[in-house]
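Reader: Hello! Could you walk me through this structure, one question at a time?

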Amino acid sequence: MAIKITAPLSREEARKLKVGDSCLLSGVIYTARDAAHKRLVELIEEAGEKLLPIDIENAVIYYVGPTPNKPGEIIGSAGPTTSYRMDAYAPKLIALGQTGMIGKGRRGFQVVQAMKEYGAVYFGAIGGCGALLSSCIKKSEVVAYDDLGAEAIRRLEVEDFPVTVIIDSEGNDLYELGRNKYLEQR
């Protein structure tokens, strides 16, 4: 049975989630890919976190560059992108308060260490299901870096957005655990 969670996601709530948990996420999340992450970190280094275009405290960021929406649609197809491209930037954002990330694929050591230190989780969304996932997005608006097109930062309101905890705040990794379980059964 899926666990219903709400974003913004507090560190306490993030720490309760365990690897393998199926969740239905509702609330406000943000989109950002590598170009936007680079700009966010550069802004932090130049001017400090107070000037960020989004509130990073308890934020969940979805690694997605949605396709253009058709007339009458809120957003186009919105499937996850590969997460490792954000690994150079994620630890700094986690240290500043980000508690959740949604994407696909493995994460680097430094990202997992930051998750363990500060209390954050990495959710997986199913790649190839962008049209289905977009049906859970009830509102979308560009809030920063409009010049990046599909990679602009968007504020999304989501309802029952399906995700799975891939890495929990203790560093347990579903990719490793699943592989080990498979190998034990051989």
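Predicted model: local features only at pLDDT ≥ 70, side-chain atom pairs only at ≥ 80, totals over all residues.

Reader: Which pattern does the chain follow, read along the sequence?

Author: Residues are numbered from 1 along each chain as its sequence is written, and side-chain values use heavy atoms, leaving out hydrogens and water. The chain has 6 helices and 7 strands, taken as DSSP runs numbered from the N terminus (helices: H or I, at least four residues; strands: E, at least two). Read along the sequence, their pattern is β-α-β-α-β-α-β-α-β-α-β-β-α.

Reader: How many disulfides does the structure hold?

Author: A disulfide is a pair of cysteine sulfur atoms within 2.5 Å. For Cys-23, the closest cysteine sulfur is in Cys-136, 13 Å away, so the two are too far apart for a bond. Cys-136 has its closest cysteine sulfur in Cys-129, at 11 Å, again too far for a bond. The number of disulfides is 0.

Reader: Is Cys-23 buried or exposed?

Author: Buried means under 20% relative accessible area, exposed over 50%, and partly exposed in between (1.4 Å probe, protein chains only). Cys-23 has a relative accessibility of 2%, so Cys-23 counts as buried.

Reader: What percentage of contacts between residues at least 6 apart in sequence join residues at least 24 apart?

Author: Contact here means heavy atoms within 4.5 Å. Among the chain's contacts between residues at least 6 apart in sequence, the share joining residues at least 24 apart is 65%.
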